[in-house]
Amino acid sequence: MQISDVFGAHPKSVWEYLCENGQGLYVPAYQRQYSWDKSKISRLFEDACHGFTMLIDHEDSITFLGTIIAIHDTQYLTVNPLVKGDVPSRVMTIIDGQQRLTTLLLINTVLHEEIRSRSVKLRDSEQDDRVWLHEECMKVVGRLAKTFEEDKDYGDEAFRFYPRMIRAYDDSWSRKKDKANYTSPIGHYLHSYGKYGREDSKKAYKFDAPEGGTADHSKYKLLADGRKTIQNLIKDVAKNNVNLELPGFDKMVAASEFQDILVKADFPEPVKNTLADEGNDDYKELLRLVLFANFILDRVAITIVTAKNEDYAFDMFEALNTTGEPLTAFETFKPRVIHSEKLENYEKSKAHEHMKYVEGYLDGFGKTDDKQDATSRLIVAFASAERGEKLSKRLSDQRRFFKDNFDKLDDGDPKRDFVRHLSHAALFIQHAWPDEKTAKPKLFSADEAATDDVILCLDLLRSFKHTITQGVLIRFYSEIRKADTAGRQQAVDSFVKAIKACAAFSVLWRASRRGTDNIDMYYRKLMEVGHPSTGLPALARRIGNAGESAPPDADLLQKALASILSVEGKVGTKDEWVKAAAKIPAYNNC
């Protein structure tokens, strides 16, 4: 396999990319909603206005907006729901760059509305300068329309026109009215604006959430706020607001290359005369918008990196990303759970209930970096408890762990049990191993297990930063969560024995030697293979392709840890331990 078979990179203008024949941009469910605020949108405008101004003296001037990472989904594996036969021929699943692409689509629709509504006044004029400008308006209005929707030649009324970008689960492309659906903020916006743009309405377009639904209106407000910001900036462009540093018409008229690049010819003499006269503000504002729109389409550039599959795409994203906010492995895992339960059933499913516990824990971290760190720690501990696997902190490895281990399970209870176990890991870490150092450990929904001895042991392991024990403890805590009334006390007793055994083993081991002396390795072996000489099976919930293992046995865990102390640690008796510990300067053996 050649590198070119895995990745491809192509620089393209906004026009070239958004108008590619048969192309639809697809936003996976795990991508965040549109969230760009005024400062980010203004920065994009400032960059575009700078490039527009530089074009006066530099015919190679462009504005580069960065890299878009996408998967060319030839088999429609990411499209859900899928209306067979109606999907665009070229589906591009956006891994990174949907915020910029959405902003560009908003800009193009606002320019489309502004130029179209202003040009109405020129429609019946016979004056040469106005006839010319009206024709230029119609050209750019037609070009702008092709960037935000594609005419599929036939279909039920407005549904023959496909929005260029839609979102998984909320939207589906189809020419048929009863199968098409556009309820995400971007899908609904492009569909409803496209319909408005083809009508000869004299009213301004108004963006509202879909009627008759139970949509989260806050998501639509974010998009509406972005559109309003762009409307104000477009008006600043039209009026040549001094803050944008746009060139005057005297410089534009003197720059023949500038005119040729943006309107493919020099301004006609009647146009130059109109621009030279005082007044004519409406005319000048409209022409400035036409020129700016053509600059956006032809001279604003992006690099499209196309990856073979999702794993490669995320690898590329992590390598290129320095300032963005990468999605956590849990965020990219959630759509797999939704898909396994079916979208229409998810909200009422047990899996949804379990996922809420995980989300409740992770959403408590306000900063993106803190949330990433917490997610990483959770998944590392869960991988140990679930599969006995030593998982790295790399995002790509953690995403693959979820993908590989969840996808191979049968739908139904096997996948729900996986999610349930993940929720138990989250609850344990959130409450029993709190991030805040001064917080007291607790056992969520297992108060009877939270004796003073147990809390002391938890605090001790946490102060050691002995996170390697989390996999063991999650397994025993999970049994309390799963137990019915009859079996609950036994599960509680087993957990108490397990936490005491781990605390005792860790203290005895570390106090009898310098450093940790591979203590993590022994815990990992217990999770992955158990301790055959004492009869302890692997503690992980699932090993290899086998089904769920039997509940962990605290008595066998005690025997296994005692054996490791005796055989590998050489401190099987009190006298042996005292002799070894006496040689260690405890005051600096940290």
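The model is a predicted one. The protein has 23 helices and ten strands. Its radius of gyration is 31 Å, well over the 25 Å that the globule rule gives for 590 residues, so the protein is more spread out than a compact globule.

**Overall form**

- The C-alpha trace spans about 105 × 55 × 45 Å along the principal axes of the protein.
- Of the 590 residues, 53% count as buried.
- Among contacts with a separation of 6 or more, 70% come from residues 24 or more positions apart in the chain.

- Six strands make up an open sheet with mixed pairing, and their order is 1-10-3-4-2-7.
- The edges are taken by strand 1 (7–13) and strand 7 (165–167); each has a single partner strand, so one side of each is left without a neighbour in the sheet.
- From one strand to the next, the twist averages 35°.
- Strand 1 runs antiparallel to strand 10 (residues 300–307), and seven bridges join the two. Within this sheet, His10 has Ile304 of strand 10 as its bridge partner.
- Strand 10 also pairs with strand 3, here in the parallel sense and over seven bridges. Ile71 stands opposite Ala307 of strand 10.
- Strand 3 pairs with strand 4 (residues 90–96) in the antiparallel sense, over four bridges. In strand 4, Asp96 is the bridge partner of Ile69.
- Strand 3 is mostly covered, with seven of its ten residues buried.
- In a regular strand, side chains alternate between the two faces of the sheet.
- Helix 10 (residues 281–299) lies across strand 1, strand 3 (63–72) and strand 10, and runs at about 30° to strand 10.

**Helix 12**

- Helix 12 covers residues 329–341; at 1.5 Å a residue its 13 residues should span 18 Å, and the 19 Å between its end C-alpha atoms agrees with this.
- The helix is mostly covered, as ten of its 13 residues are buried.
- An α-helix has 3.6 residues a turn, so residues three or four places apart point the same way.

**The loop at Lys442**

- Lys442 is placed in the loop between helix 17 (413–432) and helix 18 (452–463).
- The C-alpha atoms of Lys442 and Gln430 are separated by 8.9 Å, and the two residues are twelve apart along the chain.
- With neighbours within four places in sequence left aside, Lys442 is in contact with His431 and Ala432.

**Cysteines**

- A disulfide is a covalent bond between the sulfur atoms of two cysteines.
- A search of the whole structure finds zero disulfides.
- Cys19 is in no disulfide, and the nearest cysteine sulfur, that of Cys137, is 18 Å away. Cys19 is buried, with a relative accessible area of 18%, which is under the 20% cut-off.
- Cys502 is likewise in no disulfide; the nearest cysteine sulfur belongs to Cys457 and is 9.3 Å away. The relative accessible area of Cys502 is 0%, so this residue counts as buried.

Key: Residues numbered from 1 in each chain as written. Predicted model: local features only at pLDDT ≥ 70, side-chain atom pairs only at ≥ 80, totals over all residues. Heavy atoms only, no water. Expected span 1.5 Å × (residues − 1). Buried < 20%, exposed > 50% of the residue type's maximum accessible area, 1.4 Å probe, protein only. Pairing = 2+ DSSP bridges. Axes fitted to C-alpha atoms, helices over the stretch in contact; angles between N-to-C directions. Contact = heavy atoms within 4.5 Å. Disulfide = S-S within 2.5 Å. Rg over C-alpha atoms; globule rule 2.2 N^0.38 Å.
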